[in-house]
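Q: I have a structure open and want to learn to read it. Can you take me through it one feature at a time?

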Amino acid sequence: MSARVDMLWPRRGDDLRDEAVLAAYAPPASAPSWLRMNFVTSLDGAGTRDGRSGGLGGDADRRVFELLRRWADVVLVGAGTVRSEGYGGMRVDDDAAAWRTAHGFAAQPVLALVSARLDLDPASDVFATAPVRPIVYTVAGADPARREALAAVADVVAVGAADLDPAAVRADLVGRGLRRIHSEGGPGVFGSFLAAGVVDELCLTLAPTLEAGDAERIARSDRPAPTGMRLEGILRSADDELLLRYRRVS
Ligand SMILES: NC(=O)c1ccc[n+]([C@@H]2O[C@H](COP(=O)([O-])OP(=O)(O)OC[C@H]3O[C@@H](n4cnc5c(N)ncnc54)[C@H](OP(=O)(O)O)[C@@H]3O)[C@@H](O)[C@H]2O)c1
């Protein structure tokens, strides 16, 4: 497998270096805040293989996945993804930290989690080895004992009474100065944030595989949320992945 990526559109560019890949994914400088989702899907719309997204993406997908964290003040992830993908303390490597500080970011992005049930272990690596204190967004009705236990290791913020309010999550992050918001999913977060109208962009890796089976799609919500998107860029990996960048039509 190769991590090589070429740009197909809007310009042609062969074997892009990291700086060129990063430039292709720069958030709009003029936007007061920006919320981007990053997903991988098979050609037939599966969001997982064997219950995880990692089986779908190749080396180029992983390369871009890591590079996209450089553009983030905060990485936002749902509790389901933390549990199934085995998130540990999120720390970018030294090169990424140096790039970030040179570009006006904190050396490490903040990790923000979304959970109504707070079924998260405060002793787990996601908290214990985090370089920056994480944030947990939940609902006012969350279990008080779980909330108290997590408050020892994270900022726990209630956004909504029974249902979590994605717009309030975004507003709270922006209020903390974390205005470039990068979400790594999963489908529950994507669908609910889409239905709330707070998603600006989707970075989508189309993996050259057909999966069939019953794998879930990349977005799920309790009501349909048709959202027009405009293509902004196409990269192609040496392994035939397409790395697509779409922006919401406003
Ligand atoms: N294809 C991809 O690129 C990709 C990316 C990420 C994940 N995935 C896959 O997606 C699967 C996980 O799916 P998922 O839907 O469980 O992921 P998820 O969106 O990360 O997690 C869902 C959970 O997060 C919390 N949550 C999310 N949105 C919420 C909201 N609006 N209000 C309240 N709570 C909210 C809830 O946690 P509580 O249950 O704690 O209340 C909910 O059960 C895994 O198999 C993972 O591998 C695929």
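Q: Which residues have the most contacts inside the largest nonpolar core?
A: A nonpolar core is a set of buried nonpolar residues joined through C-beta atoms within 7 Å. In this predicted model, the largest such core has 53 residues. Those with the most contacts inside it are Val74, Leu76, Ala112, Leu113, Val114, Tyr137 and Phe190.

Q: What is Tyr137 in contact with, leaving aside its neighbours within four places in sequence?
A: Take the partners in sequence order. Tyr137 is in contact with Ala112, Leu113 and Val114, and also with Val157, Val159, Leu164 and Val169. Ala112, Leu113 and Val114 are themselves among the core residues with the most contacts.

Q: How many of the chain's residues are buried, as a percentage?
A: Burial is a neighbour count: 20 or more other C-beta atoms within 10 Å makes a residue buried. Of the 250 residues in the chain, 36% are buried.

Q: Why is Ala145 classed as exposed?
A: The cut-off for exposed is 12 or fewer neighbours. Ala145 is exposed because it has 9 other C-beta atoms within 10 Å. Ala145 sits in helix α6, residues 144-151. Asp143 lies in the loop between β5 (135-138) and α6. Asp143 has 14 C-beta neighbours inside 10 Å, so it counts as partly exposed.

Q: How does separation in sequence relate to separation in space?
A: Check pairs. Ala145 and Leu118 are 27 residues apart in sequence, and their C-alpha atoms are 9.7 Å apart. Asp143 and Leu210 are 67 residues apart in sequence and 41 Å apart in space, C-alpha to C-alpha. Then look at the whole chain. Among contacts between residues at least 6 apart in sequence, 71% join residues at least 24 apart.

Q: What radius of gyration does the chain have, and what would a compact globule have?
A: Compare the value with the one for a globule with this number of residues. With 250 residues, a compact globule would have a radius of gyration near 18 Å. The chain has 18 Å, so the two agree. The C-alpha trace spans about 55 × 45 × 35 Å along its principal axes.

Q: How many helices and strands are there?
A: The chain has eight helices and ten strands.

Q: Which strands pair with β7, and do they run parallel or antiparallel to it?
A: Look at the bridges and the direction. Strand β2 is joined to β7 (residues 180-183) by four bridges, and the two run parallel. Trp34 stands opposite Arg180 in β7. Strand β3 (residues 74-78) also pairs with β7 in the parallel sense, over three bridges. There, Val75 has His182 as its bridge partner.

Q: And how does β10 pair?
A: Strand β10 (residues 242-248) runs antiparallel to β8 (residues 201-207), with six bridges between them. Leu204 stands opposite Leu244 in β10. Strand β9 (residues 229-237) is also antiparallel to β10, over seven bridges. Arg236 stands opposite Leu242 in β10. The hairpin of β9 and β10 has four residues between the strands, and Asp240 there takes a positive phi near 70 degrees.

Q: What surrounds the ligand?
A: List the shell, then sort it. There are 30 residues around the ligand, and the closest are Gly78, Gly80, Gly185, Gly186 and Gly188. By class, ten are nonpolar, 14 polar and six charged. Elements β2 (34-42), α3 (79-85) and α8 (187-195) each supply at least two shell residues. Helix α3 gives the most, with five.

Methods
Residues numbered from 1 in each chain as written. Predicted model: local features only at pLDDT ≥ 70, side-chain atom pairs only at ≥ 80, totals over all residues. Pairing = 2+ DSSP bridges. Near = placed C-beta within 6 Å. Nonpolar A, V, L, I, M, F, W, Y, C, P; charged D, E, K, R; others polar. Rg over C-alpha atoms; globule rule 2.2 N^0.38 Å. Contact = placed C-beta atoms within 7 Å.
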